[in-house]
Amino acid sequence: MMIKRFQEWLTSASGLRRILNIYGPYIGAGVKVEYLAKDFREARVSMKLRWYNRNYVGTHFGGSLFSMIDPFYMLLVMNNLGRDYIVWDAEASIKFVSPGRGVVKAQFVITDEMLADIKANTANGEKYLPTYEVMIKDEQDNLVAKVEKRLYIRRKG
């Protein structure tokens with residue numbers, strides 16, 4: 001009974017949020033998962049500028065900016081599609097727009113339209129490679145970086 005409850009907690013949104021917040025690479029980068037919706041349709045992350053995540057010129061290190069957004073579309077899509085689908089990160093690109101100072105934030109949203117598009121494009125068992133954009137912004141809502149994440153999605157069997 002206790003093991004089952006623990007497993008349920010691990011697969012819940014609140015459990016996953018807590019695990020990500022103590023995940024070594026996120027602690028090392030200073031990333032915090034602020035919010036993860038119970039239905040895995042939305043996530044919000046932030047990162048404060050600290051001595052250990054600054055670059056040589058005193059702004060957010062680009063690798064930390066990238067790491068703060070890395071797994072989220074995969075995790076959200078995977079949890080919305082269920083076990084009948086394979087979902088992987090396929091590729092990503094990041095464009096640095098302005099120096100990141102202070103707190104930077106990013107938001108991820110999964111819509112009904114996105115899920116319908118995925119299901120339509122994988123109905124015959126073919127792979128699908130959708131690309132989603134993520135905007136990393138500072139406290140004044142200025143764009144710091146634009147990231148494109150491409151997922152590999154295929155229906156099993």
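How many bridges join E4 to E5, and in which direction do the two strands run relative to each other? Two bridges connect E4 and E5, and the strands run antiparallel. The structure is a predicted model, in which local features require pLDDT of at least 70 and side-chain atom pairs count only at pLDDT 80 or more, whereas totals for chains, interfaces and linings use all residues. Residues are numbered from 1 along each chain as its sequence is written, and side-chain values use heavy atoms, with hydrogens and water left out. Helices (H or I, at least four residues) and strands (E, at least two) are DSSP runs numbered from the N terminus.

The strands E4 and E5 belong to an open sheet of six strands, ordered E1-E2-E4-E5-E6-E3 with antiparallel pairing; two strands are taken to pair if DSSP finds at least two bridges between them. Strand E1 (31-36) and E3 each have a single partner strand and stand at the edges, so one side of each is left without a neighbour in the sheet. From one strand to the next, the twist averages 20 degrees; axes are lines fitted to C-alpha atoms, for helices over the stretch in contact, and angles run from 0 to 180 degrees between N-to-C directions.

Four residues separate E5 from E6 in a hairpin, and Asp141 in the turn has a positive phi of about 70 degrees. In a regular strand, side chains alternate between the two faces of the sheet. In E5, the covered face consists of Tyr132, Val134, Ile136 and Asp138, and the uncovered one of Thr131, Glu133, Met135 and Lys137.

Helix H6 (residues 112-122) lies across E3, E4, E5 and E6, at about 40 degrees to E6. In H6, Met114, Leu115, Ile118 and Thr122 are buried, buried meaning under 20% relative accessible area, exposed over 50% and partly exposed in between (1.4 Å probe, protein chains only). These residues cover an arc of only 95 degrees around the axis, which puts them on the same side of H6; the arc is that of the directions from the helix axis to the C-beta atoms. The face turned away from this buried side carries the exposed residues Asp112, Glu113 and Ala120. The buried residues of H6 pack against helix H5 (72-81) and strands E3 (85-96), E4 (103-109), E5 (131-138) and E6 (143-155), contact being defined by heavy atoms within 4.5 Å.

Tyr73 is located in helix H5 and is buried, with a relative accessible area of 6%. Leaving aside neighbours within four places in sequence, Tyr73 is in contact with Phe108, Val109, Ile110, Met114, Tyr132, Glu133, Val134 and Leu151. The C-alpha atoms of Tyr73 and Phe108 are separated by 6.9 Å, although the two residues are 35 residues apart along the chain.

Beyond four places in sequence, the residues touched by Met68 include Tyr26, Val31, Val45, Phe108 and Ile136.
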